[in-house]
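Let's take a walk through this structure, one piece at a time. Have the sequence and the 3D view handy as you read.

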Amino acid sequence: MIDKALLRYYAEKSKYSMSSLATELNMNPATMFRKLNGTSDFTRHEMQKIKDLLHLSTQEFHNIFFAS
């Protein structure tokens, strides 16, 4: 399960809104919304691109995408 609040925190810290992050991922903001709400999953490529765009450490990445 994804930690939406933590993803939003790091996105805002890097000056991204969820909509602008979706644009950077070449995805429709509605698709981003579905992925954030668990209706759809992020691909490995999308997760890696988010890690790169937001300059996440490995621990931060795991805290977001592999939250328990």
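Before anything else, a word on what counts as a helix here: helices are DSSP runs of H or I with at least four residues, numbered from the N terminus. Keep in mind, too, that this is a predicted model.

With that settled, go to helix 4, which covers residues 44-53. Now look back along the helix itself. Which residues of helix 4 are buried? They are Glu46, Met47, Ile50, Lys51 and Leu53. These buried residues pack against helix 1, helix 2 (18-24), helix 3 (29-36) and helix 5.

Two of those partners also pack against each other: helix 1 (residues 4-13) and helix 5 (residues 58-65). Their axes lie 7 Å apart, at an angle of about 135°. Angles over 145 degrees would count as roughly antiparallel, and 65 to 115 as roughly perpendicular, so this pair is called oblique. On the helix 1 side, Leu6, Leu7 and Tyr10 make the contact, while helix 5 brings Glu60, Asn63 and Ile64. Sorted by class, that contact has four nonpolar residues, one polar and one charged.

Finally, have a look at the largest pocket, which holds about 260 Å³ of space. Met47, one of the buried residues of helix 4, turns up again in the pocket's lining. Other lining residues include Met1, Ile2, Phe42, Phe65 and Phe66, along with Lys35 and Asp41. By class, the lining has seven nonpolar, three polar and two charged residues.

Note on methods: Residues numbered from 1 in each chain as written. Predicted model: local features only at pLDDT ≥ 70, side-chain atom pairs only at ≥ 80, totals over all residues. Heavy atoms only, no water. Axes fitted to C-alpha atoms, helices over the stretch in contact; angles between N-to-C directions. Helix = DSSP H or I, 4+ residues; strand = E, 2+ residues; numbered from the N terminus. Parallel < 35°, antiparallel > 145°, perpendicular 65-115°, else oblique. Contact = heavy atoms within 4.5 Å. Nonpolar A, V, L, I, M, F, W, Y, C, P; charged D, E, K, R; others polar. Buried < 20%, exposed > 50% of the residue type's maximum accessible area, 1.4 Å probe, protein only. 1 Å grid on protein atoms, 1.4 Å probe; cavity = no way out; pocket = protein on both sides within 12 Å on 5 of 7 lines; lining within 4 Å. Points joined across faces, edges and corners; volume = space filled by probe spheres on them.
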